[in-house]
Amino acid sequence: MNGSFRWIATLAYAGVIFYLSSRTWGGAELFPHSDKVIHLVIYAGLAALCFWALQGTSLRGRSQLFPMAAVMAFLYGVTDELHQMTVPGREASAADLFFDGVGAVLGAWVASAIMSKWKRREGR
């Protein structure tokens, strides 16, 4: 797949995160701490997309792609929390940032595991 498309998809996903972070949310949670689960899932998705996009670069192998994807997604989480400080009705949260980081690591790890399995199956 075209490497540019991978980056466009990743940046579009990040744009959706930015849009959602720009909105004020109110109301009850789905279940206790559901917002933390949402942070984890969203940043797992971002890290998986970063891993996918990075495969089109000169970085090779899990030892390079996994940490780079996780760090990229986590750093975006940092900027997201800073951005939320400027949105009326929103606030930055260390707990949200923690779950962004956990999601980033899990997403990069899952993407790495899936890619490793796929490469073994393909005989690469």
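This is a predicted model: local features need pLDDT of at least 70, side-chain atom pairs count only at pLDDT 80 or more; totals for chains, interfaces and linings use all residues.
Where does Ala53 sit? I found its place in helix H2. Next I checked the helix itself. H2 runs over residues 34-54, which makes 21 residues. From first C-alpha to last, H2 reaches 30 Å, close to the 30 Å expected at 1.5 Å a residue.

I also wanted to know which other residues of H2 are buried. The list includes Ser34, Lys36, His39, Tyr43 and Ala44. Leu46, Ala47, Cys50, Phe51 and Leu54 are on it too, along with Ala53.

Then I asked which residues Ala53 is in contact with, leaving aside its neighbours within four places in sequence. I got Arg6, Trp7 and Thr10. I looked at Ser4 as well: Ser4 and Ala53 are 49 residues apart in sequence, yet 8.2 Å apart in space, C-alpha to C-alpha.

After that I zoomed out to the protein chain. The C-alpha trace spans about 50 × 30 × 20 Å along its principal axes. Of the 124 residues, 31% count as buried.

For contacts with a separation of 6 or more, I noted that 76% come from residues 24 or more positions apart.

Last, the surface and the charges. The accessible surface comes to about 7600 Å², and 69% of that belongs to carbon and sulfur atoms. The chain has 11 positive and 8 negative charges, and their mean positions are 18 Å apart.

Key:
Residues are numbered from 1 along each chain as its sequence is written. Side-chain values use heavy atoms; hydrogens and water are left out. Helices (H or I, at least four residues) and strands (E, at least two) are DSSP runs, numbered from the N terminus. The expected span of a helix is 1.5 Å times one less than its number of residues. Buried means under 20% relative accessible area, exposed over 50%, partly exposed in between (1.4 Å probe, protein chains only). Contact means heavy atoms within 4.5 Å. Accessible areas come from the Shrake-Rupley method with a 1.4 Å probe; for residues, only the protein chains shown count as cover. Lys and Arg count as positive and Asp and Glu as negative; His and the chain ends are not counted. The place of a charge is taken as NZ of Lys, CZ of Arg, CG of Asp or CD of Glu.
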